[in-house]
Structures are given as structure tokens and as C-alpha cells.
Amino acid sequence: MTDTALTRTDAPTRTRPRRAWVGALIGVALVVLAVASLFIGVSDVTPASLIAGDADAAFLLVASRVPRTVAVILAGASLAIAGLIMQMMVRNKFVEPSTTGVTEFATLGMLVTIVLWPGMAVVGKMGVATAFGLVGTWVFLRVIRAVPVRQLVLVPLVGVMLGGIVGAVTTFFAYRLDLLQSLGQWSQGSFATVMQGRYEFVWFAAAMVVVAWIAADRFSVIGLGEEFATNLGLNYRRVMAIGTCVIAVITASVLVTAGMIPFLGLVVPNIVSLMVGDNVRRSIPWVAGLGAVFVLACDIIARTVRFPYEIPLSVIVGVIGAGLFLWLLLRKGSRAH
Amino acid sequence: MIALDHVTKRYGNTAALDDVSLTLGDVGVTALLGPNGAGKSTLFSVVGRLVQADAGTVTIDGRDVAETPSSDLARTLAVLRQDNHIAARLTVHDLVEFGRFPHSKGRLTVEDRDHIERALDYLDLEPLRDRFLDELSGGQRQRAFVAMILAQDTRYVLLDEPLNNLDLRHMTEIMRLIRQLADEWGKTVIVVLHDINFAARYADRIVALRDGRVVADADVSGFMRPDVLADIYDSPVEVHQIDGKPVALYYE
């Protein structure tokens with residue numbers, strides 16, 4: 001008996017201390033970057049000025065810096081979760097909303113609101129974008145049913161093509177209607193315009209993270225495939241429907257707040273998968289934390305690299321994300337080989 | 001009892017199951033045999049509520065599969081399909097834990113943990129519990145799947161070609177395990193096999209399908225006869241007694 005008790009405690013200790021360290025590191029990085037994000041900007045807001053009772057600094061903090069930091073954290077965490085959920089649903093590590101046409105569909109939804117209901121409140125725009133996102137996710141899931149699960153690379157390729165088609169339609173109409181510039185606002189992600197009263201929609205995305213967290217085990221089981229899920233008595237279609245909603249709402253709410261942020265949902269869950277595996281209940285805090293840290297870091301770089309000007313966040317995320325993605329693909333033991 | 005009553009399932013013009021009436025689950029181990037495309041997997045799919053029959057009913061302990069909530073059935077019937085391709089990086093322990101899902105819905109009780117530990121222990125997976133499935137050999141992975149089914153703690157266990165892609169040693173290991181599931185755990189196992197001799201050695205009853213129909217259904221001695229086997233496989237099969245046990249020779 002003592003023997004088995006020993007092996008039981010021994011085996012996990014082999015890996016757990018390292019995981020605990022990385023977990024703590026993510027937590028510390030999150031706090032440090034969040035604080036840094038509050039105090040980086042053109043206007044002087046420093047801890048000293050706040051303590052001295054500088055009213056302008058306090059106003060700026062509440063109206064701009066805090067909303068921006070919160071928006072960045074929530075957008076990063078939720079986009080990474082959207083990627084994770086989608087990867088479990090499709091059973092493919094190389095998909096996320098922006099490589100499967102979902103983001104393009106949501107963007108098309110935005111264009112439709114601009115053309116048909118220009119004066120629509122942002123919440124209405126988000127609703128339409130969500131609806132288009134739902135359609136996009138559904139279309140993607142339908143299309144890839146024709147692709148065997150084992151075709152690891154074909155699935156994301158189909159997604160990228162689908163996105164390309166929808167994106168082309170959007171661009172065509174935007175061009176014809178002289179709306180390319182308005183569209184650019186969303187196709188290039190940036191948190192530069194985030195202010196109090198203009199970012200609150202990311203809380204919808206945060207709510208979806210909570211939904212994903214509650215249903216974590218169901219998404220893990222879904223990741224085993226329809227046959228396993230049915231054997232375990234899970235309502236496969238219902239969980240797929242919940243997942244579709246989670247993905248669409250997160251994609252649309254981040255899109256209306258900041259715009260398109262590529263690669264995030266792809267890179268973060270893959271890195272976490274290498275460290276702690278794909279049991280969603282275990283990996284979800286890691287994915288959310290690392291997603292937030294990643295976007296926070298990129299946002300700070302975007303704000304400081306050409307100080308006092310900003311470059312679009314999507315450029316930074318794209319460069320770093322693409323690099324990490326290439327590394328994931330080319331590293332030893334990658335399943336893409 | 002798993003009872004199929006005039007079950008028909010068509011794919012296009014071909015009937016994968018053609019008016020099958022069959023009662024399974026009266027003995028410990030029932031082997032399901034038949035050539036490729038005979039309808040064995042379809043039968044499992046219909047019983048395991050993965051596909052709906054075009055006609056007829058399937059009942060498990062008197063409850064209609066089509067009308068019983070799936071989560072209830074998951075506590076009575078466990079189905080392991082062939083070629084389980086799992087893309088997710090899960091540990092052995094994760095997988096076995098999911099076997100408890102029908103009971104726990106994700107919130108593990110002391111009893112659930114007990115089942116998980118017993119399943120891991122029984123299949124000698126203790127040393128591998130924190131290994132990822134993609135780091136295991138084929139035999140180890142198959143054992144992990146069986147442990148998951150064991151943790152699911154169902155009366156009926158359906159295994160679809162569990163010997164696929166295993167070497168000789170692991171094939172024997174899995175078959176012995178199936179025997180033990182019936183003898184020691186009191187489970188009713190229905191297993192699809194390709195090898196007649198494995199079926200003859202380990203099963204209590206053998207059912208043969210061909211073209212979606214039941215063509216033979218007997219105990220081992222009644223099944224292992226040249227005329228019966230030749231009919232099923234359309235090729236001559238000799239049966240010899242070796243150490244008092246029937247062995248089919250189909251290599252000629």
C-alpha cells in the first residue's frame with residue numbers, strides 16, 4: 001500500500017514544481033504589465049502625481065488608462081479562450097476565429113450595419129456582428145465536416161480560404177460604397193481609442209469566459225470527438241451550440257472594441273497545451289492568463305516603440321504571433337510534420 | 001439484455017443492417033464476427049445511439065434507446081469504437097476521469113475517485129497516470145481506453161475491434177482482460193473481432209453477421225465447424241482440435 005501511495009505522490013512532483021513556477025510567473029507578469037500599462041502614455045500620470053492629489057491625473061487614470069488596461073486584459077484572455085474552445089470543437093490545434101472566417105463574417109456584419117443603419121448604437125452593431133459571427137462559425141463547422149479530422153493542415157487551410165472569400169466580399173462592397181476607411185478601423189486592431197463608455201462591451205466577452213469555465217469539462221469531452229461524447233452521455237449538439245455562441249460573442253465584442261487581433265487564439269492555447277495539456281478545466285486559467293499577458297505586452301510595445309505615437313497593436317501581435325506560430329510548427333515533435 | 005427488434009439501417013441503397021432481430025448480453029463475452037462491411041460497426045452505432053435505425057427498435061434492459069436520455073444510457077452502456085483518434089493532449093488520468101463523466105458531470109465525488117483509482121490500478125496504469133496519451137505505445141493506449149470504460153462502471157461494455165493495430169502480446173493481453181471483465185467484474189461484454197481463433201478461445205457465444213444479417217449464432221463448439229465458417233467467409237476453413245480446443249485454419 002505504501003508503495004502505491006509513494007508512486008502516486010511521486011509522479012506529479014516530477015512536473016508540478018516547474019508548472020507552478022511558470023504559473024506564478026504569468027501571475028506576476030500580469031500584475032506588473034497591468035500596472036505599467038496604467039502609467040504609460042503621453043500625459044504624465046505617475047503614482048507620485050496621484051498621491052499628490054493631481055485631479056487631471058486621476059481623471060485620466062479613470063477615464064482612459066484603467067479602461068484601456070481592463071479592455072486589453074479582457075480581450076486578450078477571452079480571445080485566447082475563444083481559440084481554445086474552437087480547437088476543442090474542431091479537434092484541430094491550428095484553428096481560431098481569425099483563421100476560420102468567423103472574424104471576417106463578423107466584420108461583414110459591421111459593414112452591413114454601417115451601410116444599412118449608420119446611426120445604430122454600438123450595442124446594436126455588436127449584436128449584428130455576433131449574429132454574423134454565429135453564421136460564420138456554423139458555416140465553417142459545416143464545411144469542415146467534409147474534411148477528415150486527421151487532415152490536420154487541410155482544416156485550417158479551408159478556414160483561411162473561407163475567410164478570404166468573405167473578406168473579399170466585404171472589401172468589394174466597402175470599396176464600392178467608399179467605406180474602406182471605416183472598415184480599416186476594425187481590420188487593424190488597436191486599443192488607442194478605448195475610453196470610459198467605449199469599451200464596456202468586452203465585458204460580454206468576459207462573461208463568455210465564465211461560461212466556458214463552467215462548461216470546461218464538457219468542452220474537454222467534446223474534444224474527444226462525437227463518438228466519445230455520445231458514449232459519455234453528453235448532448236453533443238448542445239455543447240457545440242454553446243461553443244459556437246461563446247466564439248461568436250467573444251469575436252464580435254472584441255472586434256467592436258479594438259478590432260482584429262490575429263494569431264492570439266492560435267498561439268496561446270498551443271503554448272499552454274505543451275505545458276499542461278488539453279484538459280480544459282486545467283488549462284483554462286493558463287490560457288486566459290497568458291492571453292492577457294501577451295496582449296498587454298504587445299499593447300505596451302505598440303505604445304512605446306514610436307513614443308509618443310502609437311502603432312497598431314495588430315502589427316505587433318502579428319509579428320510576434322507569427323514568429324511563435326512558426327516556432328510551434330517547426331519545433332521537434334510538432335504534429336504538423 | 002440488449003434487444004434488437006427488426007432493426008434496419010440503410011446507407012444509400014445498401015442495407016448495413018437488414019431486418020436484424022437479436023438479443024445480446026445473456027452471457028459474459030459475446031464475440032461479433034463477420035467479413036468487412038457485414039454491419040458489425042453499424043450494429044454498434046445503432047445500439048450506442050450514434051445513428052438512428054431506419055426501422056425497428058433497440059432496447060437496453062427494456063428501455064428504448066431512441067427515447068431514453070443519453071446521460072442515463074451512459075451509466076448502463078459503454079461503447080469503445082475502433083481507431084480512437086484523440087487530438088487533444090490528455091493524460092491517462094484525465095482520460096480515465098472522463099469515464100466518470102456520466103456519474104459526476106465533472107464534479108468528482110470520493111466514490112468517483114475510488115473508481116478511477118481502481119481502474120488505473122487494475123490495468124497497471126499507475127506508473128503512467130501523468131503521461132500524455134500521445135506518449136504511449138499502442139498497447140498502453142488501448143489499456144487506458146479500457147480503464148476509462150471500466151471507470152464508467154456500466155453493466156454492458158461494447159468494444160469495436162479492440163485488437164486493431166496491436167501486436168501479438170498485446171492482443172492476448174486485451175483478450176484476457178476482456179475475459180476478466182466478464183468473470184471478475186461481472187460485466188457483459190460484446191466485442192467485435194476479426195480473428196476467429198481469438199473469438200473461439202475467449203468468447204462464450206459467437207454471432208456472425210454477413211450483408212447486414214445474422215448468419216450464425218451459437219456457442220463456440222457449435223460455431224467452430226468448417227461448414228458454418230465456410231458459409232460466413234465464402235472460403236474454405238479447416239477446423240482442427242489442438243489440445244482439445246478448436247482452431248480454425250484459414251491460411252491456405
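Predicted model: local features only at pLDDT ≥ 70, side-chain atom pairs only at ≥ 80, totals over all residues.

What volume does the largest cavity have? It amounts to about 90 Å³.

A search of the whole structure finds four cavities of 30 Å³ or more. The lining of the largest cavity includes A:Leu79, A:Glu96, A:Pro97, A:Thr251, A:Val254, A:Leu255 and A:Ile261. Helix α12(A) provides the largest share of that lining, with three residues. By class, the lining of the largest cavity divides into six nonpolar residues, four polar and one charged.

The second largest cavity has a volume of about 60 Å³. Among the residues that line this cavity are A:Gln87, A:Arg91, A:Lys93 and A:Asp278, together with B:Ala87 and B:Ala88. Its lining is made up of three nonpolar, three polar and three charged residues.

I turn now to the open spaces. The largest pocket holds about 1400 Å³. Of the 44 residues in its lining, A:Gly225, A:Glu226, A:Tyr236, A:Arg237 and A:Met240 lie nearest the centre. Which helix supplies the largest share of the lining of the largest pocket? That is α12(A), with eight residues. At least two residues each come from α4 (55–90), α6 (122–144), α11 (226–231) and α12 (236–257) of chain A, and likewise from α2 (70–73) of chain B. In chain B, domain 1 (1–76 + 155–252) and domain 2 (83–153) each contribute at least three residues to this lining. In terms of class, the lining of the largest pocket has 19 nonpolar, 11 polar and 14 charged residues.

The second largest pocket has a volume of about 460 Å³. Its lining comprises 22 residues, and those nearest the centre are B:Asp83, B:Asn84, B:His85, B:Arg141 and B:Phe145. Helix α6 (residues 138–152) of chain B gives the most to this lining, namely four residues. The classes here are seven nonpolar, seven polar and eight charged. Domain 1 and domain 2 of chain B each provide at least three residues of the lining of the second largest pocket.

Finally, the interface. Contact involves 29 residues of chain A and 38 residues of chain B. The area buried between the two chains is about 3000 Å², and carbon and sulfur atoms give 54% of it. Two salt bridges are found across this interface. A salt bridge also joins the side chains of A:Arg282 and B:Asp94, at 2.5 Å from N to O.

Methods:
Residues numbered from 1 in each chain as written. Chains lettered and ligands numbered in written order. Heavy atoms only, no water. 1 Å grid on protein atoms, 1.4 Å probe; cavity = no way out; pocket = protein on both sides within 12 Å on 5 of 7 lines; lining within 4 Å. Points joined across faces, edges and corners; volume = space filled by probe spheres on them. Nonpolar A, V, L, I, M, F, W, Y, C, P; charged D, E, K, R; others polar. Domains from an automatic or database assignment. Contact = heavy atoms within 4.5 Å. Buried area = accessible area lost by both parts, 1.4 Å probe. Salt bridge = Lys/Arg side-chain N within 4 Å of Asp/Glu carboxyl O.
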